[in-house]
Amino acid sequence: MELRQLRYFVAVAEELNFRRAAERLHITQPPLSRQIAALEAALGVLLLERDTRAVRLTAAGEAALHEFGGLLQRFDDGIARVVAAHPAVRRALRVGVPWWADLTGFASFEQALLKATGIRTVEPVVGQTIESMAQLRRGEIAATMLVLPCRTDGLRLHPIARVPHVALVPSSHPLARRRALRLRDLEVLPAFLRFRRRDNPLLYDHFSALYQASGFRPPREEAAQGTVATLSQIAAGRGCTVMPRVAARRSHPGVAARRLLDEVYVDVALAVPDDLEPPLQEALRRAAPRLAAAVA
């Protein structure tokens, strides 16, 4: 048995609803169901009775809720006491940050964490969402800013901001003379540059749905080959793209950023592993909104 399974069971037992429990745990329902089944198999008893209409606790489930709930509370309290007794155990905290974020907006978040914990430094680790997720799973960073949607099993998400996107077009093109554009205006350009679906399927499909809702059908799509290459292609008049508004604040020769009249956005949240020490989890939760200055 794993501690995670006990936490999952307690969430379901308190909610008596797998969907609400999954939302509370920031995971999807299938892994939640699998972990509950694994816990029941390890115990050799049925904890929950479920049908298409309801979830009910068995007698063993009632006992498990009482015992496991108390056990988890004692565990979390014990961790908190250990960390409080040694406030300088974690000297530095590494936090993943999207490549396009403005790091000048990171300072307020850092100061809030330094004040609330015994940590001495907070280090931003810049990268793509997929890279940051891999680093988080390997324990190389303690938390990361995530561009949603993406898979978040075993993570707690703390909302930061909804990030609007702008259009990037060649500054030599007539579109650059307008203050704002529709997505469909971009269809006159040779190609629309975007990342490949295999690199991040959920995020790719999110953008595709927004494009479809706006009636945007570019004549040709090309795979973006990194930020520098993409900007060079746009400057040369060979295409266009969309990018977070904060990234477009930087000047790129030959590239014009224009406000979009259609809704193109991503949501950004701070992802924290379930097993991170509770006091640090709480400090990150409280500080998360300060990261909005880096992305919005």
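The following legends describe close-up views of a predicted model.

Residues are numbered from 1 along each chain as its sequence is written. In this predicted model, local features need pLDDT of at least 70 and side-chain atom pairs count only at pLDDT 80 or more, while totals for chains, interfaces and linings use all residues; side-chain values use heavy atoms, without hydrogens and water.

**View 1. The whole chain.** The chain holds ten helices and twelve strands, where helices (H or I, at least four residues) and strands (E, at least two) are DSSP runs numbered from the N terminus. Along the principal axes, the C-alpha atoms fill a box of roughly 70 × 50 × 25 Å. Of the 296 residues, 46% are buried (under 20% relative accessible area; exposed is over 50% and partly exposed in between, with a 1.4 Å probe and protein chains only).

**View 2. Aromatic rings around phenylalanine 195.** Rings of Phe, Tyr and Trp (its six-membered ring) pair if their centres lie within 6.5 Å; planes under 30 degrees apart count as stacked, over 60 as edge-to-face and the rest as tilted. The count by this rule is eight aromatic pairs. In one of them, the ring centres of phenylalanine 195 and tyrosine 204 are 5.9 Å apart and the planes stand at 80 degrees, so the pair is edge-to-face. Phenylalanine 195 is partly exposed at 26% relative accessible area, whereas tyrosine 204 is buried at 15%. Phenylalanine 195 also pairs with phenylalanine 207, edge-to-face because the centres are 6.3 Å apart and the planes at 70 degrees. Since phenylalanine 195 lies in the loop between strand E8 (192–194) and helix H7 (201–213) and phenylalanine 207 in helix H7, the pair ties together parts that are twelve residues apart in sequence. Phenylalanine 207 is buried, at 7% relative accessible area. One aromatic cluster is formed by Phe192, Phe195, Tyr204, Phe207, Tyr211 and Phe216.

**View 3. Arginine charges over tyrosine rings.** A charge sits over a ring if NZ of Lys or CZ of Arg is within 6 Å of the ring centre and within 35 degrees of the ring normal. Arginine 194 has its charged end over the ring of tyrosine 204, 3.7 Å from the ring centre. For arginine 162 the ring is that of tyrosine 265, with the charged end 3.9 Å from its centre.

**View 4. Strands E3 and E4.** Strand E3 (residues 92–98) pairs with strand E4 (residues 121–127) in the parallel sense over seven bridges; pairing requires at least two DSSP bridges. Proline 98 has glycine 127 in E4 as its bridge partner. From E3 the chain passes through helix H5 (residues 107–116) to E4 in a right-handed β-α-β crossover (clockwise from the first strand over the helix to the second, with the strands pointing away from the viewer).

View 5. Leucine 3 is in helix H1 and is partly exposed at 32% relative accessibility. Its C-alpha atom is 9.1 Å from that of aspartate 275, 272 residues apart along the chain. Glycine 69 lies in helix H4 and is partly exposed, with a relative accessible area of 26%. Glycine 69 and phenylalanine 9 are 60 residues apart in sequence, with a C-alpha to C-alpha distance of 9.3 Å.
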